[in-house]
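Keep the sequence and the model in view while reading.

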Amino acid sequence: MANARTRIAGGTRTRFSAHLGRRLVRGCADQLIDSPATVVALLLAFGFCTMAVFAPWLAPHDTSDVGTLDLMQALRPPVWLEGGDWAYLLGTDDQGRDMLSGIIFGARTSLLVSGVAVLLATLLGTAVGLFCGWVGGRPDAVLMRIAEVQLSFPAILIVLLIDGLGRTAVSTDLHNVAAVPVLIIAIALSNWVQIARTVRGSSMAEKNKEYVQAARVLGIHPAAILLRHILPNIFAPVLVIATLGIAGAILTEATLSFLGVGVPPTQPSLGTLIRFGNNFLISGEWWMTVFPGLALVLLALSVNIVGDWLRDVLNPKLS
Amino acid sequence: MPLLDIQHLRIEFVQGRKRLVALDDVSLAIDPEEVLGVVGESGAGKSLTAMSVIGLLNPPATVTRGQITIDGRRSDNLTDRQLRRIRGKIVGAVFQESLTSLNPLYTIGRQLVQTICVHSDLTARAARGRAVDLLAEFGLSTPERQLDAYPHQLSGGMRQRVVIALAVCANPRLLIADEPTTALDVSTQAQILAVLRRLRREYRTAIMLITHDMGVIAEMADRVAVMYAGRIVEDAPVREVVAHPQHPYTAALIGAIPRLRRQVGRLTRIDGAMPPLSALPRGCAFHPRCPKAFARCREERPPMLSSGGGRAACWLFDGNG
Amino acid sequence: MLAFVAQRIAQTGLVMLTVAFVAFAMFHFIGDPINNMVSQDATAEQREQVRRHLGLDDPFPLQFAYFISNAVHGDFGVSYRLSLPVGALIAERLPATLELVFVAASIALLVGMPLGVYTGLYRRGVVSRLLLGLTLVGISLPTFLTGLILILIFSLWLGWLPSFGRGEVVDLGIWSTGFLTASGRRALVLPSITLALFQLALITRLVRAGMLEVLGSDYIRFARARGLPNRLVLFGHALKNTLVPVMTNVGLQIGALIAFAIITETVFQWPGMGLLFLQAIRFADIPVMAAYLMLTALLFGVINLAVDLLYGAIDPRVRGESSHHKGS
């Protein structure tokens, strides 16, 4: 008895990019109706990005220019409190630096570090994942074992360690120059595993599908198959993991900067601002801690919400 | 009086403000001891119909119109607690995937004993005895030993028998079997069909046999309901359907069954695919693929019309009933 | 089952060895340890003598073997920064960290798991959606900020709880505990909540996701179709099945608490090993870094091993019991 379905069904394979685009647009439209929180988060994330890109033009003061500092303006509260000044909307720190400008430049650093780190991690993870999924066998086993061991260590510890070793290895003069690249590499290295594992799983599954087998039999170059057929299929899960990874990287960067082992103190970062503010928390200058903290949480939260939304819309099977 | 009577059932996927009609105006009846075959492509609405009977539609799917009567009592408006007295006891159900139907963390003995105890006053020991009897009856060798096995330790055919035993351990009067043989190899399929036949013969259980395999239907069922794109297109005794299919879609399905002895030039094939629910055409949903379609098919949706020994939803039969 | 256990233990051992190698490599390739041991104006002759004395002339594998053997005996060398034996330094601070992590883990598990189950069961409810939103805030709140906010509210504004230190501790032989005094317990409140919050939110989300997946599974639907009562379906079937995939992740999160303790200890000036480690990083104090790394690796190993064994106890498929009786 043959089953009738195989004869009737004439499944068509939709072009991937068009499909993804439609899912995104449709999902977006749905969300606009169903979840205002997502829309707010999207706008917020977009706003932060814009702010980061145009920081030098948007920030009311140039916090990196020591010449403009005025100690007379130090420790000013936000504008709505007594002693506030319209020139310093969110108040100033102990050096007379404008908090709002500090936050804008700090968000720029946070997004730069986490964005570049996650980009590197994605490239590395995708490359390793594709390689493992395609080649299989011993190289795959070795790389995945390494990934497994690394996964059993919390990312923050790995970053701390790599960062710590990085600063030990470079001389003190280089510290301030090398700190940011070292930090980026450390965060990237702590993030590649999850992407590699997902990509490996997807590419293994895709590899055994008929259309890929057919392409192989036809003698199409493996690189072309990877690029044309497999890469598009892993795009959705990678996009989701990378987005959520950015949120994680923002927190990691802030944490390290807060601990004083991340971005050098000369460069504004939300974590560094909070670290300095922390010293004035007890004496009552709460705005130095609370505003950068709020900015940090909003930034991470909006990216997390966007990531969650992408996951719901694209619905990739995540392990 | 039919054992199961479904009248004008409509099921919609309701999400936010959006609605998608998945099943519309479906009427079906199953008499006691009858085997009704339900055929159709994936997505035609077979499983939705079955799930709505035991009130286990998955959330976005909701019954929005029509009524379901089981054994003379309305069941579509019951609470979950009331439905529980129907499930297993009056209507049993078996799903396609036997491996995933069993909880992987418990032995099959424990799952059987638990189910038997819920439906009867038996002690655990007596329930275990009943479980052994059931498994033996369905052709499992060394049933006592099998009780201590975990699902993953059994073969596909054995698992499906365990699943059937679980579904019928409280002697339901109707068994809904949703693609019970699809995942199995051919020889195991035959064994499972034998189990179903035995159920019907010895326990007088009525069966709603859902499949996309016309061959299985021809072999097992008394009557056939053919579904297409969320509607029933033909409902007739199985002999009639096999010998003289009325609806062009049924005819194409029958034409697609290969036969061993008979010399047929070639198997018929239906071009195209069933349209998605979100893009059903106007008029008869089958008209774009129908070789006999005419103007009216493109404009109006045909109701169920008497034709041959049964009923078919096709304008070809308008006026000859 | 025995083979499964043996395999897991072997795997843990391998991980430990890898970490030991990394720790050893830190000594070997980063900086010259001699520089930290002899005075600035030591002659080449003196340096060579120290080098020979420390066994730094031995072949690499032999040095590694010595390193392992010393580490097993608790000898991790001398801190560059404090000039004290690292083993003793860590032993002194270990109880503080472990008590903090223990309390935080208990909070994260005892609150996170029920919340996850609840939000999974009633996922359309208002409370669930609110909770889910809160967990999203929870995973967007870095640990250090949570700590600062709690200090600001409960120590500075309300003055209810201490903002730093361990309070009074009682020495029980080699273990100093803060559990036995009122001030010790009070001192634990804010740090442990701070440490627990992020993981609590994460565990809630993990358990919820697992619960949703199980509730949508065929066997739960089949259990319902058999007429099993809700209570039995949820607590007899769904809960246990949720636990299986979630457990590994939860184990990892408990391990992560040890790492995040570094941050909490910094914020609250909690005298644990995390604080020690952070200072070691700032001052490139490699012996302390290496020892901390190996000790945490051991703790992770123990946690993961425990999770794996529990996994094996719950899931028959993992035990690798072969076919029961095949054929049909």
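## The helix pair

α8(C) and α9(C) pack at an angle of about 150°, their axes 11 Å apart. Axes are lines fitted to C-alpha atoms, for helices over the stretch in contact, and angles run from 0 to 180 degrees between N-to-C directions. The two helices α8(C) and α9(C) are therefore roughly antiparallel (an angle over 145 degrees).

From α8(C), C:Tyr219, C:Ile220, C:Ala223 and C:Arg224 meet C:Val233, C:His237 and C:Ala238 of α9(C). Contact means C-beta atoms, placed from the backbone, within 7 Å. The residues of this contact divide into 5 nonpolar, 1 polar and 1 charged. Ala, Val, Leu, Ile, Met, Phe, Trp, Tyr, Cys and Pro count as nonpolar, Asp, Glu, Lys and Arg as charged, and the others, Gly among them, as polar.

## The model and chain C

This is a predicted model: local features need pLDDT of at least 70, side-chain atom pairs pLDDT 80 or more, while totals for chains, interfaces and linings use all residues. Residues are numbered from 1 along each chain as its sequence is written, with chains lettered from A and ligands numbered from 1 in the order written.

Chain C has 11 helices and 2 strands. These are DSSP runs, numbered from the N terminus: helices are H or I, at least four residues, and strands E, at least two. The C-alpha atoms of chain C fill a box of roughly 85 × 65 × 35 Å along the principal axes.

## Touching chain B

Chain C gives 24 residues to the contact and chain B gives 33. On the chain C side, α8 (218-225) and α9 (230-267) each give two or more residues. The largest share, 6 residues, comes from α8(C).

Methods
Two residues are in contact if their C-beta atoms, placed from the backbone, lie within 7 Å. Angles under 35 degrees count as roughly parallel, over 145 as roughly antiparallel, 65 to 115 as roughly perpendicular and the rest as oblique.
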